[in-house]
Each structure stands twice: as structure tokens, then as C-alpha cells.
Amino acid sequence: MQRFQYKTVLVTGGGGGIGGATCRRFAREGARVAVFDMNLEAAETVAAQIRADGGQAQAFRCDITERAAVDAAVAAAQERFGPIDVLVNNAGWDVFKPFTKTEPAQWDKLIAINLTGALHMHHAVLPGMAARKAGRIVNIASDAARVGSSGEAVYAACKGGLVAFSKTIAREHARHGITVNVVCPGPTDTALFADYKQGAGNPEKLMEAFTRSIPLGRIGQPDDLPGAILFFASDDAAFVTGQVLSVSGGLTMNG
Ligand SMILES: NC(=O)c1ccc[n+]([C@@H]2O[C@H](COP(=O)([O-])OP(=O)(O)OC[C@H]3O[C@@H](n4cnc5c(N)ncnc54)[C@H](O)[C@@H]3O)[C@@H](O)[C@H]2O)c1
């Protein structure tokens, strides 16, 4: 199926686990994919795989915490592939410590990457979408935003902020034909999760506990996420905005 033929899709953190899986899936469905990451080598690996499989992708170095870098990379991506139709804010980072053991310098870094970075991306991309009266934004938060998560207080605050921000932008830009929705992964087997396991001290026990508490009986894999992300980015979701969907094997549920 070619749901995204002639669409330009920008994915931040596209060199990572969930971002890479998302880029590959968009490309398989016909999109031109701008793979944004501060780790250019990782982004280039993903873009090269996509091109080797016959898709269209290009890597762009972009640290989303730096506004000038965001503006330059968005301009370069639009120059290469045309106006951004779909923005996926997926880049993220965490340190895993009880809140009282963290330092303000770490809070600043967490907020810069997990919250301010997404604000920069919206600020750079939204005016063009509004002028064209069309656009899809999918923000990757976390179940930590919905239910909290020990050892991730500031990260959870950022992701909770991203949920509230998404709903507000969804309201402000509905009249421009732009939808904004949020996907919340649960524990998913990526480099970020490997750091989390390491921080937990007893990785095997943690994995056992997660496997027990996830109704579908396993932690997520990166390829579990693109289905929900592409749904929100697709025409099938044209009447869906300001919504939050957990993709976590049922770890969190609400009525
Ligand atoms: N893996 C999980 O268990 C889990 C759970 C909940 C939410 N998430 C969220 O999913 C998203 C993807 O994470 P992942 O698990 O694939 O992690 P990952 O570490 O595999 O990928 C994250 C990517 O973001 C990039 N990145 C970090 N800081 C950046 C910056 N300042 N500018 C540009 N790129 C930057 C990294 O280079 C990396 O390629 C994140 O937003 C994360 O918070 C992950």
C-alpha cells in the first residue's frame, strides 16, 4: 500500500530504534523521508538502508535543542523533498535516577531534548503547514507521561508537557487542517531502554517484572510503533486530533 506517495515526512531521532523503524515504514509506504538526528552516522545508516530497498530518504544532522540548527535542517529538507507534510517528533533521551539524586544541569538537558526540542520543531514547521492548510504532526511521548514512572521524574514531566502542548496545538491549528496526536510507547527494546535496564541495577529482574506486568506478555519492539504513528499521519485519521494512544502491550489502560 502506498498511503504516503508524494508525501514528505520528517522524523526526528530517525537514526534510533523507534525512529528508524518509523522511517523505514513510511518509506515502504511511498514517502520521501527526511531522517533527522544529532547522530548523523545513525541517520545515514537508516537513510542508506531505505535507499537500498528502493525508497527515498536523506539524512540530516540536526540537534533539536539548537534553534538555528533546526531552522537550517528544516530548510535543507524542504529544499530536497518539498514542503513537510508529516512531522514526527520522536527524538528523546533520559537518565534513570530517583529525582532527589538528580542535578539541575541534568534537568536542563532533559527539558532541552524532550520538550524544548519538540517546540523548536513545531515552531519551524507549523507556519508552512498552516499556510498550506494541511499537515499531520505525531508526537512521541511515553506512558511515563500518563501514569508516571519511578526514576524518570523530569523526563515524565517533559513528556506530560508534550501531551498538553500537543492538545493545545491541535486546538490552535484545527482550523488550518492540521492534526496533532500523540503516541506513548511503553518499554521498548532500543538503546534508550538498554540504558534504563542498566540504571536499574538488576536488568534481569526488571525484565521479569515488566514481562509479568505487561498483559501481552513481552516488552515492545521498535516495529510495534510505526502502525500507530502512520495511522495518525494518514488520511484515515483525518478526523482525529488531540488524542493520545499508548502502544505498550496493555501496560497502562484507562476507561
Ligand atoms: N524505548 C522505550 O522504552 C521508550 C519508552 C517510552 C517512550 N520512548 C520514546 O520513544 C522515542 C524514541 O526513543 P528510542 O527508544 O527509539 O530511543 P533511541 O535512543 O534508540 O533513539 C533516540 C534517538 O534520538 C536521537 N536524539 C537524542 N537527542 C537528540 C537531539 N538533541 N537532537 C536530535 N536527535 C536526538 C538519538 O541520537 C537517537 O538516535 C523517544 O522520544 C523516547 O522518549 C521510548
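## Asp143

The side chains of Asp143 and Ser246 are joined by a polar contact of 2.5 Å. A polar contact is a pair of N or O atoms within 3.5 Å; within protein, one must be able to donate a hydrogen and the other to accept it, and residues adjacent in sequence count only if both atoms are side-chain atoms. Asp143 also makes a side-chain polar contact with Ser248, at 3.0 Å.

Asp143 lies in helix H5, residues 143-147. Helices are DSSP runs of H or I, at least four residues, numbered from the N terminus. Asp143 counts as buried because its relative accessibility is 4%, and buried means under 20% relative accessible area (1.4 Å probe, protein chains only).

## Basis of the model

This is a predicted model: local features need pLDDT of at least 70, side-chain atom pairs count only at pLDDT 80 or more, and totals for chains, interfaces and linings use all residues. Residues are numbered from 1 along each chain as its sequence is written, and side-chain values use heavy atoms, with hydrogens and water left out.

## Ligand contacts

Thr190 places a polar side-chain atom 2.6 Å from a ligand oxygen atom. An N or O atom in the side chain of Asp63 is 3.0 Å from a nitrogen atom of the ligand. Ile18 uses its backbone: an N or O atom there lies 2.9 Å from an oxygen atom of the ligand. The ligand taken alone exposes 820 Å², and the protein buries 91% of that (Shrake-Rupley method, 1.4 Å probe).

## Ligand shell

Helix H7 (191-199) gives the most to the shell, with three residues.

How values were computed:
Helix = DSSP H or I, 4+ residues; strand = E, 2+ residues; numbered from the N terminus. Buried < 20%, exposed > 50% of the residue type's maximum accessible area, 1.4 Å probe, protein only.
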